[in-house]
Amino acid sequence: MAETNPKLQAMHPRADVPQWARELIDLYESNASSQFIIYGNVNDRMVLPASPMRLGSLRDFLLDVLMPRFDVVLSYDIGNGIRVEKGGEIFSQWPYLKENAQLPKIPLLAVETLTRYFRYCANLARLKQNSIQVGCFINNADLLAPAIQGMLAYDLNSLASLIREWSNDSALISHSLATFLIVENLNDLHPLIVNNARAAQIKIALPSPGELTSAFSVIGPSYPTALGEYQDRLDLLASQLSGASLSMVESTLRTKEHRKEKIVSEDVVKLKKQLVEKDCNGLIEFVESRRTLSDLAGLDKVKAWLRQDIELWRKNDIQALPKGYLFCGPVGTGKTFLVECLAGEAGVPVVRMKNFRDKWVGSSEGNLEKIFRLIKALGRCYVFIDEADQALGRRQSASDDSGISGRLYSMMAEEMGSSTNRGKVIWVLASSRPDLIEVDLKRPGRVDIKVPIFPTTTPRESFDLIRNLSQRCGVAIDETSFDGLQSHIPTLLTPGAAEAVASKIYRRVRTCGESPVAALTTCLADYQNPVPRLIMDLQIKLAVQEASDLDFVPAEFRQYAGG
């Protein structure tokens with residue numbers, strides 16, 4: 001027969017706590033775990049389900065919501081050392097304090113002291129002299145036990161081993177002890193702790209629209225001017241600002257209220273972009289575009305396919321919706337431009353992942369964690385990765401990168417393949433060297449549709465491309481001039497190269513006084529393709545062989561198929 005669980009009902013039993021807190025309570029009260037690594041959006045404000053409801057920090061949530069019944073609650077961080085958050089009178093009865101009035105601040109000594117107190121309380125309970133319910137949370141645990149590996153890091157490994165022991169020592173886990181390690185990114189924490197099977201990993205996501213609505217209902221009366229237009233539509237504002245942290249939203253409301261400015265619907269998209277990009281410290285940016293797929297010349301079959309997918313998404317018919325696209329083709333063919341047109345057409349956020357790699361150990365992985373949290377919070381979005389062959393990492397790391405590339409590859413593969421993302425996140429990769437992207441990352445189930453983009457195949461296509469781009473510069477080239485120029489017009493012209501030609505035409509018209517046709521004739525006379533022919537042919541061949549559907553490939557290039 002199972003023994004009576006002393007932890008039963010030790011934590012807050014309310015049903016109105018968030019999902020992550022309910023999961024934590026169940027694990028603790030069922031005796032499944034007593035150590036919790038709380039990660040993710042840990043530095044944000046959150047609603048405390050008290051009476052009356054108010055906003056507070058994670059520290060407030062732990063003390064006031066999860067551990068109001070604990071006898072002693074301690075905390076530690078490398079700045080403040082050990083602090084008694086609750087139960088100072090009980091803690092002061094510890095004989096150790098009579099001999100050591102000053103609690104140590106140095107990490108290893110502090111962890112040893114905490115361990116000593118936990119064992120003291122466990123021994124009292126075993127001797128049935130007293131039962132002290134103890135909680136302890138470690139702030140910024142990654143600064144205490146960072147993800148630095150190596151046999152020579154004796155003090156660090158000793159410290160990590162002691163923290164791990166808090167959840168593995170039979171004397172401690174039989175006692176009413178709960179420890180919380182608070183860290184923003186799991187990858188920043190020592191692997192000995194992260195990989196501990198007895199430590200539960202509890203993720204705090206960015207606030208959902210429902211959580212933002214609850215927060216607005218709490219703080220709304222303090223910002224009557226800022227929320228003026230949304231006072232009766234707080235749920236709408238919350239939905240529009242999903243993906244932003246509550247701290248950033250509240251800071252914006254304070255500023256708006258101080259300036260006596262209202263948040264108006266026309267500004268919400270811009271506001272959300274600013275909040276999210278600031279939260280992510282430049283790791284991502286929103287792709288904003290007034291262009292649509294109608295602005296894209298040619299690629300009729302590709303545009304039709306993309307529009308079909310967009311319509312399926314709008315109808316929430318996700319069964320045939322791809323998890324990802326790969327846009328591939330020679331340099332300068334307009335892969336990024338295609339994404340901009342897609343952004344304007346789709347009507348959902350398009351997020352560009354910027355350079356998240358860092359020189360510090362664990363920082364690149366931590367940056368990627370932040371990006372993933374944001375993506376999940378945004379709901380429906382496209383995630384654009386340019387130069388994907390360089391950004392996505394390799395299954396096998398190079399000898400000089402400390403294994404970073406392999407770890408990034410593993411994280412990307414897991415996230416891109418997640419079944420929970422279908423219908424919520426569509427990955428868009430762009431590369432002129434798709435052969436350098438790991439096969440596992442571009443297989444169906446991660447990247448379902450591979451779209452090749454090619455340079456022009458005929459002089460007419462090249463002429464129309466130059467003429468169209470010149471028109472955008474305000475230079476009109478007579479369409480009837482094609483016949484006289486046909487023999488001089490190059491093929492295999494990319495939009496990038498054509499834009500350079502259009503720029504030269506504009507320059508000659510403005511500086512030399514030439515007619516547009518004369519300027520075009522001069523530019524074509526000394527034209528040289530900026531991409532060497534061998535490289536162009538190789539990249540065309542790679543794009544053809546990557547294509548998920550040969551309907552995307554012009555007849556002129558199908559000779560490369562299957563090679």
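What is the accessible surface of the protein, and how much of it belongs to carbon and sulfur atoms? The accessible surface comes to about 26400 Å², of which 49% belongs to carbon and sulfur atoms; such areas come from the Shrake-Rupley method with a 1.4 Å probe, and for residues only the protein chains shown count as cover. This is a predicted model, in which local features need pLDDT of at least 70 and side-chain atom pairs count only at pLDDT 80 or more, while totals for chains, interfaces and linings use all residues. Residues are numbered from 1 along each chain as its sequence is written, and side-chain values use heavy atoms, with hydrogens and water left out.

**Overall build**

- The protein has 23 helices and 14 strands; these are DSSP runs numbered from the N terminus, with helices (H or I) of at least four residues and strands (E) of at least two.
- Along the principal axes, the C-alpha atoms fill a box of roughly 105 × 55 × 50 Å.
- Of the 563 residues, 50% count as buried, where buried means under 20% relative accessible area, exposed over 50%, and partly exposed in between (1.4 Å probe, protein chains only).
- Among contacts (heavy atoms within 4.5 Å) with a separation of 6 or more, 74% are between residues 24 or more positions apart.

**The six-stranded sheet**

- An open sheet of six strands has the order β9-β11-β12-β13-β10-β14, with mixed pairing; two strands pair if DSSP finds at least two bridges between them.
- Its edge strands are β9 (284–286) and β14, each of which pairs on one side only.
- On average, neighbouring strands of this sheet are turned by 25° against each other, direction ignored.
- Helix α18 (residues 404–417) lies across β11 (350–353), β12 (381–385) and β13, and runs at about 130° to β13; axes are lines fitted to C-alpha atoms, for helices over the stretch in contact, and angles run from 0 to 180 degrees between N-to-C directions.

**Strand β10 and its partners**

- Strand β10 (residues 324–328) runs parallel to β13 (residues 425–431) and is joined to it by five bridges.
- Within this pairing, glycine 324 has tryptophan 427 as its bridge partner, and phenylalanine 327 stands opposite alanine 430.
- Four bridges join β10 to β14, again in parallel, and tyrosine 325 has isoleucine 449 of β14 as its bridge partner.
- Both faces of β10 are covered, with Gly324, Leu326 and Cys328 buried on one side and Tyr325 and Phe327 buried on the other.

**Nonpolar cores**

- The largest nonpolar core has 70 residues, and Phe216 and Trp427 have the most contacts inside it; such a core is a set of buried Ala, Val, Leu, Ile, Met, Phe, Trp, Tyr and Cys residues joined through side-chain atoms within 4.5 Å.
- A second, separate core of 41 residues includes Ala122, Trp166, Leu177 and Leu186.
- Leaving aside neighbours within four places in sequence, the contacts of tryptophan 427 include Tyr325, Met353, Phe372, Ile385 and Met412.

**Lysine 450**

- Lysine 450 is found in strand β14 (residues 449–452) and counts as buried because its relative accessibility is 15%.
- Its side chain makes a polar contact with the side chain of glutamate 546 (3.4 Å); a polar contact is a pair of N or O atoms within 3.5 Å, where within protein one must be able to donate a hydrogen and the other to accept it, and residues adjacent in sequence count only if both atoms are side-chain atoms.
- A polar atom of the lysine 450 side chain also lies 3.2 Å from the backbone oxygen of lysine 442.
- Leaving aside neighbours within four places in sequence, lysine 450 is in contact with residues including Leu326, Ala547, Ser548 and Phe552.
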